[in-house]
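Please look over the structure below. The briefing that follows covers aromatic rings, a surface patch and a database annotation.

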Amino acid sequence: MAIKLENVGIAVRDIEETIAFFTDLGLTVMGRDTVSGEWADTAVGLDGNHAKIAVLQTPDGQGQLELFEYIHPDAIETHPTRPNDIGMHRVAFSVDDIDEALAIAAKHGCTPLRGVATYGDVYKLTYLRGPSGILVMLAQELKKA
């Protein structure tokens, strides 16, 4: 059986704010829609499912995020995920320039949880809290293998 990762789905509080954050980091909006109906109820497992969605793609074409802003049922606010929580952990991106990426994130009020770390002579990396509490890892490779 062949299997391929298609995207990572993330429920968000404000789809426009979240799109702005990720497009400023370099992702492209591939499509937008509003979904509802019996097929959506069945697929997602929620009665009366009605949501705005957007699919964003990384510049290399290899990764996609699917964002959902629920209209019905109401979105459930939870505590932001911590790095050691079980379950969906974070979305990670490699960047050419971590300082530039952090400057873009800061324009959206998003800063590192603690700081930027250097992992040996391999990566500079950090975790930050994005829109809707999304945990985002940014990593810059220091030298090519």
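**Briefing: rings, patch and domain**

Phe21, Phe22 and Phe93 are joined into a cluster by ring pairs. Rings of Phe, Tyr and Trp (its six-membered ring) pair if their centres lie within 6.5 Å; planes under 30 degrees apart are stacked, over 60 edge-to-face, and the rest tilted. This is a predicted model: local features need pLDDT of at least 70, side-chain atom pairs count only at pLDDT 80 or more, and totals for chains, interfaces and linings use all residues. Residues are numbered from 1 along each chain as its sequence is written, and side-chain values use heavy atoms, leaving out hydrogens and water.

**Aromatic pairs**
- The count by this rule is three aromatic pairs.
- Phe21 and Phe22 have ring centres 5.0 Å apart and planes at 80°, so this pair is edge-to-face.
- Phe22 and Phe93 form a tilted pair, with 5.9 Å centre to centre and 50° between the planes.
- That pair links distant parts of the chain, 71 residues apart: Phe22 is in helix 1 (residues 15–24) and Phe93 in strand 5 (residues 91–94).
- Helices (H or I, at least four residues) and strands (E, at least two) are DSSP runs, numbered from the N terminus.
- Phe21 and Phe22 are buried, and Phe93 is buried too.
- Buried means under 20% relative accessible area, exposed over 50%, and partly exposed in between (1.4 Å probe, protein chains only).

**Tyr123**
- Tyr123 lies in strand 7 (residues 123–129).
- Tyr123 counts as partly exposed because its relative accessible area is 33%.

**Domain record**
- UniProt lists residues 4–141 as "domain: VOC" in an unreviewed entry; such annotations may be inferred rather than shown by experiment.
- Over residues 4–141 the chain is 20% helix and 37% strand.
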